[in-house]
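Take a look at the structure below.

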Amino acid sequence: MKSVLIIGMGRFGHHLCTKMVELGNEVMIVDENEEKIKDMLPMVLNAQIGDCTDPNVLKELGVRNFDICFVCIGTNFQSSLEISSLLKEMGARYVISKANRDIQAKFLLRNGADEVLYPDRDVAQRAAIRFSANHVFDYVGLTSEYSMYEIPPMEEWVGKSIREVNFRAKYQVTILGIKKEDQTDLIPDADHIFEKNEHLMIVGRKEDVDRILEHIE
């Protein structure tokens, strides 16, 4: 469990807050607009109304006491930059700020943010890759080089084990899990027999995964 401060309760802030609470974290939220925090009051540890570009408001929040401070302001970059900088000046342990463009990320990282999130860009890239490629049920980018894909098995694998296919050596990708209906088998045994109606969760480089996708019908 972590202590989390979320500043800015737009759509991204709402989704972030909801999931953080579901995962058992203690969450405090702040926004200038009272209407934006009303529906979150029953689930959070604390909620405040205030302009966090005002240093006095941030001081009252006790930012040093939070494990993570999220700055989720998407419509006013100047405010996001000021708040990120103030949080670090006041001793915040780890500041994560939302950005919409690369230039914003550069300024945020130079002025207080320890890490930057691109929720709109990441969702768009994920959707583009998922829907432009055949046979990709889901996609998550992990690094600039490696991603996780959810794909069906090749027809030639069905009825054979992971060991028989010599999967890792032949295809240069790793199977993280196998999904079938509502069940997921993580890090499957090498004796697992591929079935036609299951989904494979694999990690690899795009060029290696593309070679697999070319042979799936």
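The model is predicted. It holds six aromatic pairs. A pair of aromatic rings is described by the distance of the centres and the angle of the planes.

Start with Tyr-139 and Tyr-149. Their ring centres are 5.2 Å apart and the planes meet at 65°, so this pair is edge-to-face. The cut-off for that label is an angle over 60 degrees. Where do the two residues sit? Tyr-139 belongs to strand β7, residues 138-141, and Tyr-149 to strand β8, residues 146-151. The pair therefore ties together parts that are 10 residues apart in sequence. Both Tyr-139 and Tyr-149 are buried.

Now move to Trp-157 and Phe-194. Here the ring centres lie 5.4 Å apart with the planes at 35°, so the pair counts as tilted. Trp-157 lies in the loop between β8 and α6 (162-165). Phe-194 lies in the loop between β10 (183-186) and β11 (199-205). The pair therefore ties together parts that are 37 residues apart in sequence. Trp-157 is buried, and Phe-194 is buried too. These two residues also belong to one aromatic cluster, which is formed by Trp-157, Phe-167, Tyr-171 and Phe-194.

The largest pocket holds about 710 Å³ of space. It is lined by 24 residues, and the closest to its centre are Asp-122, Val-123, Arg-126, Val-140 and Gly-141. Which elements give two or more residues to this lining? They are β6 (115-117), α5 (119-132), β7, β8 and β11. The largest share comes from α5, with seven residues. By class, the lining of the largest pocket has 11 nonpolar, six polar and seven charged residues.

The second largest pocket has a volume of about 540 Å³. Its lining has 27 residues, and those closest to its centre are Gly-10, Cys-72, Ile-73, Gly-74 and Thr-75. At least two lining residues each come from α1 (11-22), β2 (26-31), α3 (77-89) and α5. Which element gives the most to this lining? That is α5, with three residues. By class, the lining of the second largest pocket has 10 nonpolar, 10 polar and seven charged residues.

Helix α5 gives seven residues to the lining of the largest pocket, and three to the lining of the second largest pocket.

Key:
Residues are numbered from 1 along each chain as its sequence is written. This is a predicted model: local features need pLDDT of at least 70, side-chain atom pairs count only at pLDDT 80 or more; totals for chains, interfaces and linings use all residues. Side-chain values use heavy atoms; hydrogens and water are left out. Rings of Phe, Tyr and Trp (its six-membered ring) pair if their centres lie within 6.5 Å; planes under 30 degrees apart count as stacked, over 60 as edge-to-face and the rest as tilted. Helices (H or I, at least four residues) and strands (E, at least two) are DSSP runs, numbered from the N terminus. Buried means under 20% relative accessible area, exposed over 50%, partly exposed in between (1.4 Å probe, protein chains only). On a 1 Å grid over the protein atoms alone, a cavity is a set of points where a 1.4 Å probe fits but cannot get out, and a pocket is an open set with protein on both sides within 12 Å along at least five of seven lines; lining residues have an atom within 4 Å of a point. Grid points are joined across faces, edges and corners, and a volume is the space filled by probe spheres set on the points. Ala, Val, Leu, Ile, Met, Phe, Trp, Tyr, Cys and Pro count as nonpolar, Asp, Glu, Lys and Arg as charged, and the others, Gly among them, as polar.
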